[in-house]
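Please read it alongside the sequence and coordinates shown here.

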Amino acid sequence: MRTLLAIAIGLGLLLSVPGAALADDVKIVMDGSTTVGPIAKAFAEYYMSRNKGVNITVSESGSGNGAKSLINGTCHIANMSRFMKEKEFTAAASKGVMPVAHVVAMDGIAIVVHPSNPVQGLSVEQVRNIYLGKITSWKDVGGPDRKIVVVSRDTNSGTYETFEGLVMAKQRIVSSAEYVTSNEAARKRVSSTPTAIAYAGLGFLRDVKALKINGVIPDRSTVASGRYPVARPLFMFTNGYPKLGSYTHALITLHLTKKGQEIVEAIGFVPVTSY
Amino acid sequence: MSQAELSLTDPLGRPRQSLLLSKRATRAKQVASLAGRSVLFLITSSSVLAVLFIFYYIAQDALPFFRLRGAGEFFTSSEWYPSAEPASFGSLSMFFGSGIVTLGASLVAVPLGVAAAVCLSDVLPFGVRQLAKPVIEMLAAIPSVAYGFFALVVFAPLLQERGGAMLEVAAYVIGGPLAFLAAVVLADLTSSRAPEKARWAGRIVAFLLFGGAMAFGLVALGGMLRGLPIDSGTNALNASIILGIMALPTVVSVSEDALQAAGRDLREGSYALGATRAETILRVVIPASASGICAAVILGVMRAVGETMVVWMASGNAAQIPSPWYDLTAPVRTLTATIAGDMGEADHVTGSARYHVLFAMALSLLAISFVLNLASEGATRRARRKLGH
C-alpha cells in the first residue's frame, strides 16, 4: 500500500512539474488571418522542432477575430492581413493593450486570366472597370470579342478586403461577379474558363497567367520593392514589443533570418528583406 | 425448459402474461414501468425539443436584424454588399437564386424520378427492380461535397466547352418523344370529327402535319440551343442539374413506395375490366397514388432547397437576378450558400447587421421548409385516407 502511494506521488510529481512550466512561460497562442495562418503555422512548426518544451498553437479565425483576441488577452500574437483599424486601436488602448505591428512578409495579389488569353497586361483602372461592370468584353482591353467572366473572392476573405482597398477604391463590385471561397478555387475556375478573370495570392499561379498591372509583372522583387501596385504587407501584432530574448521575441523575428525567409517564400509569399 | 414454456403465448394464442401490469403488481414494478415509459417519452420528445430550440435560437438572432434594418430592404432589394460602407443587405436575388435553382432541379428530378418509379413498380420485371432500386438509392449516399466537386471540376468546364451541344441533345432526347406523343394526341383529336370512312386517312394526314411542325420546331430549338454561348460553367443550370440528380433517389424511392401501396387488387381489378397495362398505369395506378407522388415531389424539392455544398460550388454565387430572369446560364446565389459562405468571418461585434442577416436568411429558409413539410404531410395523409388505410 505504501509503495503504491509512493509510486502515485512520484508519477504525479513527474507529470505536474513540466506541465506547470508549460502552462505559464512557454505557451504561445497565435490567432487571426487565414492568409497569415500558413506562415504562422510553418514558423511554429520550425520553432517547436528547435525548442523542446515550447508549445505554440495557431488558430485561423480571421484578421478581425485575431485583433479581438489580442485585445481581450486571449492570444499573444495576432496574425493580420491588414493593419489594425482605428476602432480596434481604441478598444485595445482602453484595455491597456498596446498593439505593435511586425511586417513578416509581403503578399502580392496577382490578377490572373486563362493562359490562352492574348491580353498581357491591364492598368489598375481597367481592372477596376472590369470589376465594376463598365468593361464587359475582352475586346475593350485588346482581347477577343468574348464576354468577361468576373470572379471574385467571397466578401469575408482578407484577399477580398485588400483587393477592395487597393483596386476597387471602395466601389461596389458588379452584381454579376461570381464568388469563390479560396485562392485555390479562384485559380481552378480561371484555369478551366478561357474568358475568366480573377485575383489570387502569388502562391496560386499554376496553370493561369498573371497579368502585368500598370506594366509591372507580379514577382518577388516587384512586390518586395513595392513597385507592383496590388501588394500588401502581412502583419503580426504583439502587445507591446516582446521582452528581448523571450520566446515570443525569437518567434516574431524569425522572418528576418535566412530560414524564416525561406519559409515565407516556400509558402508563396514574398520576404520583406531582399537578399 | 421446453419450447412451449418459453413462448409468450399459450397454445390458443392467448398471452401467458397480461400485457398491462395488474393492480396486484408490486409497487416496484409499477415504478419501474413508469420510469421506463418516461425515459422513452423523453427520448422521443428530444427531437421535437431540438426542432423547437433551433427555431427559437435562430429567431432570436434573426429578429435583431429586422429591428436594426427593417424588413423592406431585405425582401425587396437585390443590392447585396454586406461588407461595403454603408452596407446593404438586399436579399431578393438570393431568394430568387434559391427559387430558380430549385425549379430547375425539380424540372430534372420530377419527370425522371416519377417515370423511373413507374418503370420500377409496374413495367420492369421484379428481379430488375430488386437490383435497380438499391442502385438508385445509392445516389443518396454520395456525400454532397463529392457532387459539388464533380460539378465544379468536371461538369462546369464541360458546360463551357460543349454546353450548347449537350443542351441540343437533351432537347432531342426529352422533346422527341414528347413531340411524338403530342402529335398522336392532336391527330386523334382533330380527326375524331371526320366522317367514319375518311377518319384513318385524316388521322395520318393530321399526324404528319403536326409531327412535321413539331419536328421543325424541335430542330429550330436545337439549333438555337447549340449556338447558345455559355460563358461560365458554374451557373444556375449546372446547379439545377446536379441538384436534380441528388433529389432523384428521394423522388424515385418515395413515389415507388406510393405506387406499390396502390395495391395488387386495384391493378387486377383494372385488368379484369379489360384495361391494358398502359391504361392501368395511366388511368388507375397513377391517379390512385397521386398524393403519394405529390409528397415525393415535395420531399425532393425540400432536398433541393436545403442543399448547400453543391450550390455553393456549382452556382457561381453571383448575387444577381439575371436578365432575362429565366436565363439559366447566368450565375446565381442561393440563401444556403450565402449563409455558409459568409458565416466564417461575419463579425458580431463590429458588423452586427452582417451577422444577424444570415440568421434572417436561415429563418426564412426554415419557414419555407416548414411550409413544404406541412404540405407533404398533408399530401401523404390524403393518400392514406384515399386508399382506406
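## Strand pairing in chain A

A:Val112 stands opposite A:Ala198 in β8(A), and this pair belongs to the 5 bridges that join strand β4 (residues 99-113) of chain A to strand β8 (residues 196-201) of chain A, the two running antiparallel. The model is a predicted one, in which local features need a pLDDT of at least 70 and side-chain atom pairs count only at pLDDT 80 or more, whereas totals for chains, interfaces and linings use all residues. Residues are numbered from 1 along each chain as its sequence is written, while chains are lettered from A and ligands numbered from 1 in the order in which they are written. Helices (H or I, at least four residues) and strands (E, at least two) are DSSP runs numbered from the N terminus, and two strands pair if DSSP finds at least two bridges between them.

β4(A) also pairs with strand β9 (residues 209-210) of chain A, again in the antiparallel sense, over 2 bridges, and there A:Val113 stands opposite A:Lys209. With strand β11 (residues 231-239) of chain A, β4(A) forms an antiparallel pairing over 9 bridges, in which A:Ala101 has A:Phe237 as its bridge partner and A:Gly108 has A:Ala231. β11(A) pairs as well with strand β3 (residues 77-80) of chain A, over 4 antiparallel bridges, and A:Met80 stands opposite A:Phe235 in that strand. The table collects these pairings.

| Strand | Partner | Sense | Bridges |
|---|---|---|---|
| β4(A) | β11(A) | antiparallel | 9 bridges |
| β4(A) | β8(A) | antiparallel | 5 bridges |
| β3(A) | β11(A) | antiparallel | 4 bridges |
| β4(A) | β9(A) | antiparallel | 2 bridges |

A residue is called buried if 20 or more other C-beta atoms, placed from the backbone, lie within 10 Å of its own. By this criterion 8 of the 9 residues of β11(A) are buried, so the strand is largely enclosed by the rest of the structure, and β4(A) is mostly covered, with 11 of its 15 residues buried.

Chain B holds 14 helices and 2 strands, and of its 389 residues 32% count as buried. Helix α6 (residues 144-191) of chain B has 48 residues, yet its end C-alpha atoms are only 51 Å apart, short of the 70 Å that a straight helix would reach at 1.5 Å a residue, the expected span being 1.5 Å times one less than the number of residues. A kink of about 85° in α6(B) is centred on B:Arg162, where the bend is the angle between axes fitted to the seven residues ending at a residue and the seven starting there.

## The contact between the chains

The contact takes 19 residues from chain A and 25 residues from chain B, two residues being in contact if their C-beta atoms, placed from the backbone, lie within 7 Å. On the side of chain A that touches chain B, the elements giving two or more residues are α3 (63-72) and β7 (178-180) of chain A.

## Confidence

The predictor gives the complex an ipTM of 0.73 and a pTM of 0.76. Chain A averages a pLDDT (the predictor's confidence in each residue, from 0 to 100) of 85, with 90% of the residues scoring at least 70, but over residues 10-24 of chain A the pLDDT is below 50. Where pLDDT is low, the predicted coordinates should not be read in detail. Chain B averages 84, and among its elements helix α1 (residues 3-6) has the lowest mean pLDDT (51) and helix α8 (residues 236-261) the highest (92).

Notes:
Buried ≥ 20, exposed ≤ 12 C-beta atoms within 10 Å, placed from the backbone.
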